[in-house]
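I set out to record what I looked up in this structure, entry by entry. The notes begin with the terms and then follow the strands, a helix and the charged pairs.

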Amino acid sequence: MSFSAITLRPIEDRDETNVIQILTSPLVTKSYMVPDLTPEQAKGLFLRLQSLSREENRFVRGICLDDTLVGFLNDTEVTEDYWELGWAMHPDYMGKGYCTAGVRLAIRALFIMRKSTDRVRNASPVGASRLT
């Protein structure tokens with residue numbers, strides 16, 4: 001497996017099906033803190049994530065394998081002291097290291113965005129890390 005094929009990018013229209021599958025997967029909803037969503041609610045959350053991924057002051061990105069969205073990460077809390085990330089992966093791509101590769105890319109990008117060499121500490125074992 002090559003992690004060089006993993007990239008981060010804003011969420012696009014073509015990602016709708018994969019994002020909705022992620023948001024409605026029982027494997028994801030038990031740990032991502034998203035309630036059970038109707039199809040309309042899932043589409044609304046997709047549109048919100050897509051919009052946030054285009055904002056300069058937010059960090060919401062698709063984790064892509066060969067440009068196919070297989071997961072996403074988003075800032076869940078940002079303060080002067082830290083930046084907390086949450087992430088969710090499509091069930092078909094869980095446990096293959098793609099999320100780990102995506103988080104590593106995100107941490108590099110966030111250090112550049114913050115122009116900081118602050119340390120990273122694990123905030124939670126269920127998918128959140130903080131830059132402090």
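**Entry 1: terms and source.** I take two strands as paired if DSSP finds at least two bridges between them. Helices (H or I, at least four residues) and strands (E, at least two) are DSSP runs, which I number from the N terminus. I note that this is a predicted model, in which local features need pLDDT of at least 70, side-chain atom pairs count only at pLDDT 80 or more, and totals for chains, interfaces and linings use all residues. Residues are numbered from 1 along each chain as its sequence is written, and side-chain values use heavy atoms, with hydrogens and water left out.

**Entry 2: the whole protein.** I looked up the secondary structure and found four helices and six strands. Read from the N terminus, the order of elements is β-α-α-α-β-β-β-α-β-β. I then looked up burial, where buried means under 20% relative accessible area, exposed means over 50%, and partly exposed lies in between (1.4 Å probe, protein chains only). Of the 132 residues in the protein, 45% are buried. The protein exposes about 7,500 Å², and carbon and sulfur atoms supply 51% of that area; accessible areas come from the Shrake-Rupley method with a 1.4 Å probe, and for residues only the protein chains shown count as cover. For contacts (heavy atoms within 4.5 Å), I considered those between residues at least 6 apart in sequence, and 59% of these join residues at least 24 apart.

Entry 3: How many residues of strand β2 are buried? Strand β2 covers residues 60–65, and six of its six residues are buried. Val 60, Gly 62 and Cys 64 point one way from the strand, while Arg 61, Ile 63 and Leu 65 point the other way.

I next traced the pairing. Strand β1 (residues 6–9) runs antiparallel to β2 and is joined to it by four bridges. Within this pairing, Arg 9 has Gly 62 of β2 as its bridge partner. Strand β3 (residues 68–78) is also antiparallel to β2, with six bridges between them. Here I located two bridge partners in β3: Gly 71 for Ile 63 and Asn 74 for Val 60. The hairpin of β2 and β3 has two residues between the strands, and Asp 66 takes a positive phi near 50° there.

**Entry 4: strands β3 and β4.** I followed β3 to its pairing with β4, which is antiparallel and holds seven bridges. These two strands form a hairpin with four residues between them. Gly 71 stands opposite Met 89 in β4.

**Entry 5: helix α1.** Which residues of helix α1 (residues 16–24) are buried? They are Asn 18, Val 19, Ile 20, Ile 22 and Leu 23. The buried residues of α1 pack against α2 (26–32), α3 (39–52), β3 and β4 (83–89).

**Entry 6: salt bridges around Asp 67.** I searched for salt bridges, each being a side-chain nitrogen of Lys or Arg within 4 Å of a carboxyl oxygen of Asp or Glu. The whole structure holds seven. In one of them, the closest N and O atoms of Arg 9 and Asp 67 are 2.9 Å apart. This pair links distant parts of the chain, with Arg 9 in strand β1 and Asp 67 in the loop between β2 and β3, 58 residues apart. Arg 9 is buried at a relative accessible area of 8%, whereas Asp 67 is partly exposed at 34%.

Asp 67 also forms a salt bridge with Arg 14, at 2.6 Å between the closest N and O atoms. Arg 14 lies in the loop between β1 and α1, 53 residues from Asp 67. I found that Arg 9, Glu 12, Arg 14, Asp 15 and Asp 67 are linked in a network of salt bridges.

**Entry 7: Asp 75.** Asp 75 forms a salt bridge with Arg 58, the closest N and O atoms being 2.8 Å apart. The two are 17 residues apart, and Arg 58 sits in the loop between α3 and β2. Arg 58 is partly exposed, at 24% relative accessible area. Not counting residues up to four places away in sequence, Asp 75 touches Asn 57, Arg 58, Phe 59, Val 60, Trp 83, Glu 84 and Leu 85.
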